[in-house]
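Open the model in your viewer and keep the selection tool at hand. The stops follow one after another.

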Amino acid sequence: MKNNALYRIYVIVLMFIKFILQLYWFNKRNPSWDTSTQEKWEKLVQKQAKEYRIKALHLEGLMIKVGQFLSTRADIMPDVFLKELADLIDQVPPVDPEISKGIIEKEWKRPISDYLQEISDSSIASASIGEVFKGKLKDGREVAVKVQRANIDRIIKTDFKALKLVLWITKKFTKFGKEIDTSALYKEVVQVIGDELDYDKEMRNAQNFQRRFSGSDAYYIPQVYEEYSTHRVLVMEWMDGNKITDLAFLKENGIDRKDTAGKLFQFFVDQLLDQGRFHADPHQGNILVQKDGTIVILDFGMVGYINKQDSASIRRMIQGFVLDDYQLVIDELQQLGFLLPHANKSKLESVLRNYVNMYLSSDISELDQEIVEEIFEDLQKIVREQPIQLPAEFAFLGRAASIGLGVITIVDPDIDFIELGKPVVMEWLDEADERKGSIQAQVLKDSLKPMLSIPRNVNEYLEAPNYARRSAERRQLRSFDHQRYLWLYSGFGLLLLISLPAVYTALWLEQLLLLYVSGAAAGTGAAGGIWTLFRHYRWTSSFRENND
């Protein structure tokens, strides 16, 4: 039943609508925020994350991939949600080995024994898209044989349809949907995750990274055996080693953790800040370390791309932070598409300056876990309160950076990112020096900025009472009477609750007529609830506009 397209779309979309309504009603019933409200909120979000994890493990496919993606997004997801999904990577159930081996033989168009001396009885690793078996070629070379899960291409395509509906609902009825280009995000997800279904592309990605790091002694990219690889089967050089986060293995083999973390940092910097492809899924299972300290990078199915212009903007933005040039930071954020058209640049510049000064005034030479969590919480607050959006093309770049940060801090919790980043930033500054004039001129420009910003600061001071008044009025909106919509919510909600048992009964008995009738009733209830939610939101928005 879980492979039925209608069933999958129904379960995914209904779960999402349920989550939206739960969050909406929570906010309406809790206009004031205190410690008790925070505890209730965390319990609700944790309950939702647990439900998502259970359904993801049941349906598999894109649900697991999206869950893994969300589990790394500390910038947009609550901490309790992240913790509930943190172990989703290691819980993917394996496929019957005979089914997977049958796919291998179908792709090779001959028995496995024609190519391999031996192959493991069961998979040694299982992921949302494929599984890995250990084998040995006729010439004795050990290999990893990666094979796609049965029917995964059809399942993923069905899930894409469900995702498109979910993003459409997000765009129309949620605040988050207004802050991000959901259409572009959908295209990015389809392209990046869809590419994982094509092992020919993964092979070319791996070969690209092999050429890129061929001269490095610190990193190793396994060889791909093209003559044995197909659209659904990928044969690679077998690599011995342990996960990069296996601290006991590092200690046992005398591998310096600080040095290893520094190598990882440089690996991510070279990818994420330079033009070209970057590994978009660098979790600890895809990074091995060998006894001699060599770092092995695996799995190039999920690869993103950063263009030259965006790479230059990111560098200039980092330079802006280093040189205390927050106008440059804001300009580059706008250039990258992070700022909405109505953004108050001067106010956002002040917010960023205050946060950075706050961190620099304390001892931040060591980014421990507590400080990292505090930074992410503040980033969440800035994103919520300021007119900032997440451009779709940076979704996977942010994901890769977030995962990389987590892996590095596990290897070396005392890592000093500022010290490691100094040579990189100085190299950029030298490049900028050659193109745009001396660094002394830049410093002089920064010294004059406080005087040049006096008129703007005076204006912000005079406008402060207006900001306070508007803030008070916005708080009053949260406690406004919404009773006239309650009967609509109740009616549509009752229709949905009555029809759901009939839907599940129809699915269980496989009665299509009953399924269509009950499904239509459930859809009417859900759509009516969403329509009421939208009308309610429009009314609230118009009230807000009248008070601005």
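Start with the hairpin formed by S3 and S4, which has four residues between its strands. In the turn, select Gly140: its phi is positive, about 95°. Bear in mind that this is a predicted model.

**The hairpin strands**

Select residues 130–137 for strand S3 and look across to S4. The two pair in the antiparallel sense, over seven bridges.

Next, bring in strand S6, residues 233–237. S4 and S6 run antiparallel and are joined by five bridges. Show Ala144 and find Met236 of S6 opposite. While side chains are on display, recall that in a regular strand they alternate between the two faces of the sheet.

**The open sheet**

Move to another group of strands. Select S5, S10, S9 and S7: in that order they make an open sheet of four strands with mixed pairing. Which strands are at the edges? They are S5 (219–220) and S7 (242–243), each pairing on one side only.

Zoom in on S7 and strand S9, residues 287–289. Their pairing is antiparallel, over two bridges. Pick Asn242 and you will find its bridge partner, Val289, in S9.

Select Asp299, in the loop between strand S10 (295–297) and strand S11 (303–306). Asp299 is not a glycine, yet its phi is positive, about 65°. Buried or partly exposed? Asp299 is partly exposed, because its relative accessible area is 21% and the cut-off for buried is under 20%.

Now jump to Glu60, in the loop between helix H2 (35–59) and helix H3 (62–70). Glu60 is not a glycine either, and has a positive phi of about 60°. Glu60 is buried, with a relative accessible area of 15%.

**The charged surface**

For the last stop, show the surface and select Asp96, Glu98, Glu105, Asp114 and Asp121. These residues gather in a patch of negative charge. Centre on Asp114, which sits in the loop between helix H5 (97–108) and strand S1 (116–119). With a relative accessible area of 40%, Asp114 is partly exposed.

Note on methods
Residues numbered from 1 in each chain as written. Predicted model: local features only at pLDDT ≥ 70, side-chain atom pairs only at ≥ 80, totals over all residues. Heavy atoms only, no water. Patch = residues over 30% accessible without salt bridge, like charges linked within 9 Å, V, L, I, M, F, W, Y side chains within 5 Å. Areas by Shrake-Rupley, 256 points an atom, 1.4 Å probe, with all protein chains shown as cover. Salt bridge = Lys/Arg side-chain N within 4 Å of Asp/Glu carboxyl O. Lys, Arg positive; Asp, Glu negative; His and termini not counted. Charge placed at Lys NZ, Arg CZ, Asp CG, Glu CD. Buried < 20%, exposed > 50% of the residue type's maximum accessible area, 1.4 Å probe, protein only. Pairing = 2+ DSSP bridges.
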